[in-house]
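Colleague: Hi! Could you walk me through this model while I have it open on my screen?
Modeller: Happy to, just ask away.

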Amino acid sequence: MQENPAQSIHPEEQIPQLPHPNAAPSKMPSFAMGFIISDVVFCVIKGVIALFSFFFLFIMSNKVLVKLGCFELLTNAGICVIGLTANIKLIKRDISGIFFANMNIALTIINMSLACISLIYLASNQNGAQNILGTYLGGIIGLIVRAALLICYIVAIKQAKTFFDQQSKYQSLSGKI
């Protein structure tokens with residue numbers, strides 16, 4: 001009688017090895033890494049917007065919009081530089097990227113607040129209900145999209161922070177053994 005090959009395998013070879021319960025995850029969560037990588041693209045876009053904003057400041061005649069434009073230019077440039085720094089550090093698994101990411105979040109909130117002020121000012125200077133409605137509708141849709149992206153970035157940064165916390169916890173536990 002022939003032996004069944006499935007029965008001849010040792011039982012310990014059939015059981016998959018599970019990682020140690022205190023082992024740190026080897027990879028950052030996919031959502032966090034994916035959104036951090038996509039935010040690199042958003043930061044580059046913000047840099048291009050900042051560059052164009054600089055040139056448009058010279059042709060604008062409305063003093064209030066020029067002042068708002070200067071602040072938006074600064075926040076866009078900050079989002080570009082600090083955001084790229086944060087994202088590159090996080091992609092390289094450098095925990096200091098969390099600090100820069102939080103600065104990027106703060107600059108984005110300031111930039112969105114300036115956009116709200118600009119939106120109100122622009123709408124108040126429109127003639128006709130259609131123009132006012134169009135200004136508000138376009139501005140609000142833009143702000144909703146930016147708010148959704150900001151929420152996704154915050155979630156990604158929280159996941160990255162949790163990943164780094166688990167890494168440091170595992171390293172501190174493995175140092176005691």
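Colleague: How many aromatic pairs does a search of the whole structure find?
Modeller: Seven. Rings of Phe, Tyr and Trp (its six-membered ring) pair if their centres lie within 6.5 Å; planes under 30 degrees apart count as stacked, over 60 as edge-to-face and the rest as tilted. This is a predicted model, so local features need pLDDT of at least 70 and side-chain atom pairs count only at pLDDT 80 or more, while totals for chains, interfaces and linings use all residues. Residues are numbered from 1 along each chain as its sequence is written, and side-chain values use heavy atoms, with hydrogens and water left out.

Colleague: Why is the pair of Phe 54 and Phe 55 edge-to-face?
Modeller: Their ring centres are 5.7 Å apart and the planes sit at 70°, so the pair counts as edge-to-face.

Colleague: Which residues form an aromatic cluster?
Modeller: Phe 31, Phe 35, Phe 42 and Tyr 153 form one.

Colleague: New topic: what is the fold made of, helices or strands?
Modeller: Six helices and zero strands. Helices (H or I, at least four residues) and strands (E, at least two) are DSSP runs, numbered from the N terminus.

Colleague: What about H3, how many residues does it have?
Modeller: H3 has 28 residues and reaches 40 Å from its first C-alpha to its last, close to the 40 Å expected at 1.5 Å a residue. That expected span is 1.5 Å times one less than the number of residues. The buried residues of H3 include Phe 35, Asp 39 and Lys 46.

Colleague: Which residues have the most contacts inside the largest nonpolar core?
Modeller: Met 28, Leu 90, Tyr 153, Ile 157 and Phe 164, in a core of 21 residues. The elements giving two or more residues to this core are H3, H4, H5 and H6, and the largest share, eight residues, comes from H6. A nonpolar core is a set of buried Ala, Val, Leu, Ile, Met, Phe, Trp, Tyr and Cys residues joined through side-chain atoms within 4.5 Å.

Colleague: What lies nearest the centre of the largest pocket?
Modeller: Ser 53, Glu 72, Ala 115, Ser 118 and Leu 122, out of 21 lining residues. About 420 Å³ of space lies in that pocket. A pocket, found on a 1 Å grid over the protein atoms alone, is an open set of points where a 1.4 Å probe fits, with protein on both sides within 12 Å along at least five of seven lines; lining residues have an atom within 4 Å of a point.

Colleague: Which helix gives the largest share of that lining?
Modeller: H4, with six residues.

Colleague: And the second largest pocket, how much space lies in it?
Modeller: About 350 Å³. Its lining has 15 residues, and Asp 39, Phe 42, Lys 46, Arg 146 and Leu 149 lie nearest its centre. Here H3 gives the largest share, seven residues.

Colleague: Last one: where is Arg 93 found?
Modeller: In the loop between H4 and H5. Arg 93 has a positive phi of about 65° although it is not a glycine, and at 42% relative accessibility it counts as partly exposed.

Definitions and conventions
Grid points are joined across faces, edges and corners, and a volume is the space filled by probe spheres set on the points. Buried means under 20% relative accessible area, exposed over 50%, partly exposed in between (1.4 Å probe, protein chains only).
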